[in-house]
Every structure is written in structure tokens, then in C-alpha cells.
Amino acid sequence: MASLATSTLVYSTPVRIKTSSKPRSSSRTCKKTVPFLVTRADSSSLLLHAAKHTVDKHIQSGMVVGLGSGQASGLAIQYLGRLLRTGALKDIVGVPMSVTSASEAAKAGIPLDVYQDSSQIDFAFDDADIIEEETLVAIIGRRKSQSDESIIQEKSILKAANKLVFMITENQYVGGLEGSIPVVVQALNWMETAEEIDDLFLGDAEVWRRSSIGQAGPTGGDYPFITREGHNVLDVIFTSPVQSLDALL
């Protein structure tokens with residue numbers, strides 16, 4: 001199973017940091033000893049500024065760029081396409097993390113390539129749900145995806161990137177986690193995994209299988225969400241704030 005968490009970033013003045021922690025089997029981490037750039041926007045109105053700053057500061061001609069999903073990523077894709085059309089950047093190849101980002105990139109005129117295990121990604125940007133202040137661990141995957149989206153592919157592109165930026169708003173930069181952590185699991189034995197997680201946290205968290213449509217519930221209702229690879233997503237909903245995501249993962 002894999003939780004949708006990763007180490008990372010903020011904006012104001014770009015800060016280069018390093019992390020060196022091995023991925024664990026129970027977490028969807030992209031932790032490795034590479035520079036992560038931290039970019040934070042003070043409010044939603046500054047996401048466009050963060051998107052432009054990310055592209056201007058970190059993308060150069062000839063790069064292979066991982067293209068994320070979300071509001072800020074969409075703005076960055078549009079701006080990157082504009083720079084390509086004006087000739088300010090050349091020979092950029094985008095590797096989309098989702099169907100949505102692929103569609104946005106195609107409309108923006110960005111040449112695309114399909115991610116493979118051997119793909120070399122020079123730089124990637126994405127949206128994050130939250131980033132923990134002290135550890136700079138980011139949670140992604142809270143937002144509901146379409147069934148044809150590939151959560152595993154998004155993880156792989158983030159992990160493969162030599163440099164990575166997440167663009168977030170002020171309220172997404174938090175001192176402790178409240179809410180849920182998404183966990184990707186095999187659909188066939190999801191119940192067994194859910195029980196293991198429930199036992200692990202001893203009443204401090206509820207485990208619900210994500211539904212695709214209709215009312216949510218512990219078992220995912222009549223139409224549980226299934227990823228393109230055939231995985232379920234378990235939302236581990238914590239009943240009290242988590243003090244350290246790094247220790248949890």
C-alpha cells in the first residue's frame with residue numbers, strides 16, 4: 001500500500017533544501033536525496049504569481065518537465081505554453097501526471113511524451129493538499145480523481161524528477177495534519193489492509209474506502225473508486241491532529 005505523501009516545498013523567496021529519507025512500503029513518499037524547492041503563495045490570488053515564478057525560475061529550454069494537476073499547475077501549464085509560443089523557451093517536452101494535465105498541455109501547445117520507468121524528468125511541478133511546516137512533508141491525493149487517472153503514475157513522475165516544486169496557498173502550509181491521508185491499496189484485499197490500518201491507530205483514525213459517486217461510507221458505497229491500475233484508495237481520517245507526518249510515515 002502507499003500513502004500519498006511526499007517531501008517538499010514553499011514560496012516567498014525560493015529556498016533550496018535537501019531531504020534524505022528512504023521510502024517506506026506503507027507510504028507514498030517521494031523522499032530521496034535531491035533538492036526540493038519550496039514555494040508558497042500567501043493566498044489563492046497569488047497562485048498565478050507562484051505558477052509564473054516556478055516556470056521562470058526553474059524551467060529552461062531543452063528540459064523534460066513533469067506536469068502536475070490542480071489550479072496552480074494548470075496556470076503553470078498555460079504560462080509554459082505561452083512562453084513556447086513566443087519562443088522564450090524551446091524544445092520543452094511535457095510528461096503529464098493526469099488526463100487533465102495532458103489535456104491542458106495539449107491546448108497550450110506543449111509537446112508531450114508518455115511516462116515510462118526509464119523516463120528522465122529534469123523538473124516537475126504539482127499542487128499539494130497540505131505541507132507540514134517542520135518536516136516539509138506534503139500530502140497529495142485528497143482531491144477526487146477520475147477513474148482514468150493514474151495515481152501511481154503521478155507518484156512515479158514526482159519520484160523520478162531531479163527537482164520538484166509544489167505550489168500551495170498559505171492555509172495549506174500547516175503545523176500539524178488535520179483530516180485524512182489517502183492510501184492506495186490493491187482492490188482485491190482492501191478490507192484486510194483497512195483492518196490493519198485501523199488496528200495500527202487504535203481508534204485514532206477511521207478508514208473509509210473512497211467512493212467514485214454517490215454517498216461516501218466506510219466501504220465505498222455501491223461504486224467504490226478504482227484507479228486505472230485497479231487500485232482502491234483508502235482515506236485514513238484522523239480524529240485528532242497528527243503532530244509529525246514524518247514520524248507517521
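How many helices and strands does the chain have? Colour the model by secondary structure and you will find six helices and 14 strands, where helices (H or I, at least four residues) and strands (E, at least two) are DSSP runs numbered from the N terminus.

Before going further, note that this is a predicted model, in which local features need pLDDT of at least 70 and side-chain atom pairs count only at pLDDT 80 or more, while totals for chains, interfaces and linings use all residues. Residues are numbered from 1 along each chain as its sequence is written, and side-chain values use heavy atoms, with hydrogens and water left out.

**Confidence**

Colour next by pLDDT, the predictor's confidence in each residue, from 0 to 100; the chain averages 78, and 77% of the residues score at least 70. Select residues 5-36, over which pLDDT stays under 50, and then strand 3 (residues 15-18), where confidence is lowest at a mean of 29, in contrast to strand 5, where it is highest at 98. Where pLDDT is low, the predicted coordinates should not be read in detail.

Now select strand 7 (121-127) with strand 5 (64-67) and strand 10 (161-168). Strands pair if DSSP finds at least two bridges between them; strand 5 and strand 7 run parallel and are joined by three bridges, with Val65 opposite Phe123. Strand 7 also pairs with strand 10 in the parallel sense, over six bridges, and here Ile121 stands opposite Ala161. Six of the seven residues in strand 7 are buried, meaning under 20% relative accessible area with a 1.4 Å probe, protein chains only.

**The largest core**

Show side chains for Ile59 and Phe125, which touch the most other members of the largest nonpolar core, a group of 24 residues. Such a core is a set of buried Ala, Val, Leu, Ile, Met, Phe, Trp, Tyr and Cys residues joined through side-chain atoms within 4.5 Å. Helix 2 gives the most to this core, with seven residues. Centre on Phe125, whose contacts (heavy atoms within 4.5 Å) beyond four places in sequence include Ile59, Val65, Ile77, Met97 and Val165. A second, separate core of 19 residues includes Ile139, Val185, Ile197 and Phe238.

**Helix 1**

Finish at helix 1, where the buried residues include Leu47, Ala50, His53 and Val55. Its twelve residues should span 16 Å at 1.5 Å a residue, and the end C-alpha atoms are 16 Å apart, which agrees; the expected span is 1.5 Å times one less than the number of residues.

Definitions and conventions: Buried < 20%, exposed > 50% of the residue type's maximum accessible area, 1.4 Å probe, protein only.
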